[in-house]
Amino acid sequence: MEHLTGIAELSGAEIIELLDRAADAKKRLLARKKTETLKGRSVAMLFYENSTRTKLSFEEAAKYLGADVYGLAVASSSVQKGESLVDTGRTLDALQTDIVVIRHSLSGVPIFLKKHVSASIVNAGDGMREHPTQALLDFLTMRERFGDFRGLNVTILGDVRHSRVARSNIIGLSRLGANVTVSGPGTLVPQEIAALSCQIEPDMTESVRRADVIMGLRLQTERQQSALIPSLQEYNKIYGITEELLKNNARGAVILHPGPVNRDVELAHGLVEAERSLIHTQVTNGVAVRMAVLEQIAESRFS
Ligand code: CP
């Protein structure tokens, strides 16, 4: 693996291999044990879109592996003077960058950049297409709780239309043998999503009934060009994940959410810290998974 631009590039066996590696990386992380896997290598953070979790955890992961990490502050860079993405990429190559972690609002940018630079490209989320390391951290969190994916019922709720997290999860989970159901307002659940191997269940109550995992999605108001929901209050009333909705689930489903959470919009405030919520574990697992991805690239490219 020299690059990671999407879960779609990985077979089920390759995903499991990364999860095994991430489980080992998590032990080292929790023991505060650093390695020199990436000593002498540089990792650049190229974030054209805002991020808290992904950016910080990639930085932490790279530092745990001994890399030199630097970030381009896009807002104060020559991007603002009109520098093209390819020219920024070539500049990073000239600076001897080994790995570029990129987030961009346009779908497909990491694939495009991969064709124009020598550095390894890791997708930290591109538009509405893929967020592969988020999906991997979600899988690690599920595997820690349930052990196996075969027959696991995962329900993804909310703004599926704009969600790269949902797409990467559906692609990966179907390869791992899980059953994925999606639900939410008709305007935010495109029928085409079923082609990625998931069931669409228009009734939220039905969608959670047999779920082992309920994954809430952030309502992405910044990607909505037209009014797809009446108001945030009404969205919460009809489509919010609440204690009331969870009464319809008899399996004690755990709750995942990629963050950041719009509290009391897609997820009730109290459920974020509830015992069944694994949201904070997801963040820790994000560092472990990103260590695994960087290690795997280092093994493919530098050893
Ligand atoms: N889950 C996720 O991508 O969060 P950030 O936008 O904070 O990185």
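Buried here means under 20% relative accessible area, exposed means over 50%, and partly exposed lies in between (1.4 Å probe, protein chains only). With that settled, here are my notes.

1. **Ground rules.** This is a predicted model, in which local features need pLDDT of at least 70 and side-chain atom pairs count only at pLDDT 80 or more, while totals for chains, interfaces and linings use all residues. Residues are numbered from 1 along each chain as its sequence is written, and side-chain values use heavy atoms, with hydrogens and water left out. Helices (H or I, at least four residues) and strands (E, at least two) are DSSP runs, numbered from the N terminus.

2. **The five-stranded sheet.** An open sheet is built from five strands in the order E7-E6-E5-E8-E9, with parallel pairing. Two strands count as paired if DSSP finds at least two bridges between them. E7 and E9 are the edge strands, each pairing on one side only. Helix H6 packs on this sheet and touches E5, E6 and strand E8 (213-216), and its direction makes about 165° with that of E5. Angles run from 0 to 180 degrees between N-to-C directions, and axes are lines fitted to C-alpha atoms, for helices over the stretch in contact. Contact, here and below, means heavy atoms within 4.5 Å.

3. **Strand E6 and its partners.** Strand E6 (residues 179-183) is largely enclosed by the rest of the structure, because four of its five residues are buried. On one side, strand E5 (residues 153-157) pairs with E6 in the parallel sense over five bridges. Thr 155 has Thr 181 in E6 as its bridge partner, and Ile 156 stands opposite Val 182 in E6. E6 also pairs in the parallel sense with strand E7 (residues 199-200), over two bridges. There, Thr 181 stands opposite Gln 199 in E7. As background, strands of a sheet pair through backbone hydrogen bonds, either parallel or antiparallel.

4. **Crossovers.** A crossover is right-handed if, with the strands pointing away from the viewer, the path from the first strand over the helix to the second runs clockwise. Strand E1 (residues 42-47) pairs with strand E2 (residues 68-72) in the parallel sense over five bridges, and Leu 46 stands opposite Leu 72 in E2. E1, H2 and E2 make a right-handed β-α-β unit. The link between E5 and E6 is worth a look too: E5 and E6 are parallel over five bridges, and the chain crosses from E5 through helix H6 (residues 164-176) to E6 in a right-handed β-α-β crossover.

5. **Salt bridges.** A salt bridge is a side-chain nitrogen of Lys or Arg within 4 Å of a carboxyl oxygen of Asp or Glu, and the structure holds 15 of them. In helix H2 (residues 53-64), Glu 59 and Lys 55 lie four residues apart, about one turn of the helix, and their side chains meet in a salt bridge (3.3 Å, N to O). Glu 59 is buried at 18% relative accessible area, whereas Lys 55 is partly exposed at 26%. For Lys 247 and Glu 244, the closest N and O atoms of the salt bridge are 3.0 Å apart. Lys 247 is exposed at 62%, and Glu 244 is exposed at 52%.

6. Glu 273 and Arg 263 form a salt bridge through their side chains (3.3 Å, N to O). Ten residues apart, Glu 273 sits in the loop between helix H10 (269-272) and helix H11 (279-302), and Arg 263 in the loop between strand E9 (254-256) and H10. Arg 263 is partly exposed, at 36% relative accessible area. Elsewhere, salt bridges that share partners join Arg 21, Asp 24, Arg 28, Glu 295 and Glu 299 into one network.

7. **Helices H5 and H11.** The axes of H5 (residues 132-146) and H11 come within 8 Å and cross at roughly 115°. Residues of H5 including Gln 134, Leu 137, Asp 138 and Thr 141 meet residues of H11 including Gln 282, Asn 285 and Val 289.

8. **Gln 282 as a reference point.** Gln 282 lies in helix H11 and is buried, with a relative accessible area of 3%. Leaving aside neighbours within four places in sequence, the contacts of Gln 282 include Leu 256, His 257 and Pro 258.
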